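We will go through its charged pairs, its pockets and a few of its helices and strands.

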Amino acid sequence: MVEEVSRAKKAEREQRLAQRPEWRLQRQVPPGLTDVSALPTSQLTPREREIVHLDATALAEAVRARRYTSVEVLKAYCHVATIAQDLTNCLTEVFFDEGLRRAQELDRHLEETGEVVGPLHGVPVSIKDHILVKGHDTATGYAAWAFRTVAEKDAVAVDILRTAGAVIYVKTANPQTLLAIETNNNIYGRTLNPYNRSLTPGGSSGGESALIAVHGSPLGIGTDIGGSIRIPAAYTGLYGLKGSVGRMPHAGLMGSHDGMDAIIGALGPIATSARDLALFCRVMLQQEPWLVEPPLLEIPWKQDVAEGAGLPERLTFAILWDDGVVAPHPPILDALKRARDALLAAGHDVITWEPLDHKEAWDLILKLYFLDGGEEYRQVLEHDPPVPQTEWILSQVPNGGKPFTVAETFRINLEREAFRARVLAHWNAAKARTATGRHVDAVLSPVAASLAPRHDMTRWWGYTSYWNLMDYPAAVFPVGRFRAAGHKPAQLPQGVVHVGDPRSERERVVRAEWDPETYDNIPVSLQLIGRRLNEERLLGILGKVEEALRFQDQQ
């Protein structure tokens, strides 16, 4: 059954891609070629290349100014997306013709009225597979759901995007179960990192990251319940934002554990610029989604705050160097040291964030993920063999694989709230160590313990899941590429990173993966964490961090 479903879904996708042979790569690519990041744009005209290298903000402005039509914009992205799929296996549902019809409507509207329909007029946006798009399948990485989950309506976020003028044209790969930081399932197979196809693009929004990284989409929607926006963005050199629950629309997603609200994921953007993160949020909240989705908080977007209004000249940062569970690989520590030096040079205050109970946080979030003992996953996977990352996460199901009772669930919820109170107090207490005498404005942290790892070698996502447990907003941003040649690890402040024997088998495996050659040319990214429901302030602070890094690079 699984093989039949896989063949049918792949054939359906190929039939749609084959309708535009001119968009296929016109050269053979050796299977052993690992870095294919430049190939998807290699056949574009100079004008098309200009289009796909714009961020969504600039693209919307260019279409509004009639520098480009919506149709030519979409054709350029479809061309790149076709090649990206052939090289990285990033797409699931392909509906270029539907997108082109909408682009034609948008061009007619602008021609006839002189007005755009909204702030994303003519901007292509890619959608993660488990998010509902009307008329298209929502297999969500499960063979059992393929062909049986055609959406009858759009997710709230997709509906808002259409209202804003966005053009929806593809859906992108997510892993079996969604509860994975790699992207692999039995329908489509494995999605590859375009910078090195022997490495993962992350998950669970790995189709989005692979596509956007090679300019096959200017902006995409992911979701994140443990790092699934932030890690794919980090592994491919993009920007990603996980907000606090209740800020961004979340209704209209397929997935296991619908109705479970002990731990909730967040929908958010993956983009090529920090300002596009704010653009996405602004578009979402301008439509007042709380009027159609009851759990959402009525907190309008404050764009001036996202641009830095109200921030003090001197900010206070706390750097998490090592979470006490798995020490990061050298390129990540190098990036933290570089950021620290840049922030100090810019006049900001920087202290060390003392890690607090990160292993305990992982054990707790596992309970919240698996309140039913993993039963729903096992049922859906009855005839769909678990891929390696599914096996890995299911091997950690707590409570002996039995569901927690109602009374036990109540106690786990109390444990979650006690943990949140403890970390909040820890954040507040850090004020005593700041030179400014002010609270810490943001925590600067690794996104993961390594750069994009080899396939099936993910062993720790506690650097991201910790902040899901806290429900704190977190943004990921790129700081460059790792170069193996002549690499010398930075000199770090004394005592901030564990250097002795591995503290666990998990750390031993991750440490053993370190080999400079493996990660040559792979993006390096960092994570910035703010206080709950302070997404705008977080993006304003991110602007100051990037400003300090840019100034340092110019020296």
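Is Arg230 buried or exposed? Arg230 is buried, and its relative accessible area is 0%. Keep in mind as you read that this is a predicted model.

**Charged pairs**

Let us stay with Arg230 for a moment. Its partner in a salt bridge is Asp224, and their closest N and O atoms are 2.9 Å apart. Asp224 is buried as well, because its relative accessibility is 1% and the cut-off for buried is under 20%. Side chains of opposite charge can pair when their charged atoms come close.

How many salt bridges does a search of the whole structure find? The search gives 35. Here are three of them, with the distance between N and O atoms:

| Salt bridge | N to O distance |
|---|---|
| Arg24 and Glu14 | 2.8 Å |
| Asp224 and Arg230 | 2.9 Å |
| Glu507 and Arg503 | 2.7 Å |

Look at the pair of Arg24 and Glu14, whose side chains meet in a salt bridge. Glu14 belongs to helix H1 (2-17), while Arg24 sits in the loop between helix H1 and helix H2 (46-52), so the pair ties together parts that are 10 residues apart in sequence. Arg24 counts as buried at 16% relative accessibility, whereas Glu14, at 35%, counts as partly exposed.

Glu507 is buried, with a relative accessible area of 1%, and Arg503 is partly exposed at 33%.

Salt bridges can also link up into a network. In this model, Lys9, Glu12, Arg16, Glu93 and Asp137 are linked in this way.

**Pockets**

Now for the empty spaces. Rolling a probe the size of a water molecule over the atoms shows where empty space is left.

The largest pocket has a volume of about 770 Å³. Its lining is made up of 38 residues, and those nearest its centre are Ile225, His250, Leu253, Ile264 and Gly265. Strand E6 (219-224) and strand E8 (266-271) are the elements that give two or more residues to this lining. Sorted by class, the lining of the largest pocket holds 17 nonpolar, 15 polar and 6 charged residues.

What is the volume of the second largest pocket? The volume is about 290 Å³. Of the 15 residues lining this second pocket, Arg275, Ala278, Gln303, Ala306 and Glu307 are closest to its centre. Two or more lining residues come from each of helix H9 (274-286), helix H10 (303-306) and helix H18 (535-554). By class, the lining of the second largest pocket divides into 6 nonpolar, 5 polar and 4 charged residues.

**A helix and some strands**

Helix H18 deserves a look of its own. This helix has 20 residues and spans 29 Å from its first C-alpha to its last, close to the 28 Å expected at 1.5 Å a residue. The buried residues of H18 include Leu538, Leu539, Ile541, Leu542 and Val545, and also the charged residues Glu535, Glu536 and Glu546.

Finally, find strand E12 (residues 474-481). Strand E7 (residues 239-242) runs antiparallel to E12, and 3 bridges join the two strands. Here Leu241 stands opposite Ala475 in E12. E12 also runs antiparallel to strand E13 (residues 523-529), with 7 bridges joining them. Which residue stands opposite Gly480? That residue is Val524 in E13.

Definitions and conventions: Residues are numbered from 1 along each chain as its sequence is written. This is a predicted model: local features need pLDDT of at least 70, side-chain atom pairs count only at pLDDT 80 or more; totals for chains, interfaces and linings use all residues. Side-chain values use heavy atoms; hydrogens and water are left out. A salt bridge is a side-chain nitrogen of Lys or Arg within 4 Å of a carboxyl oxygen of Asp or Glu. Helices (H or I, at least four residues) and strands (E, at least two) are DSSP runs, numbered from the N terminus. Buried means under 20% relative accessible area, exposed over 50%, partly exposed in between (1.4 Å probe, protein chains only). On a 1 Å grid over the protein atoms alone, a cavity is a set of points where a 1.4 Å probe fits but cannot get out, and a pocket is an open set with protein on both sides within 12 Å along at least five of seven lines; lining residues have an atom within 4 Å of a point. Grid points are joined across faces, edges and corners, and a volume is the space filled by probe spheres set on the points. The expected span of a helix is 1.5 Å times one less than its number of residues. Two strands pair if DSSP finds at least two bridges between them.
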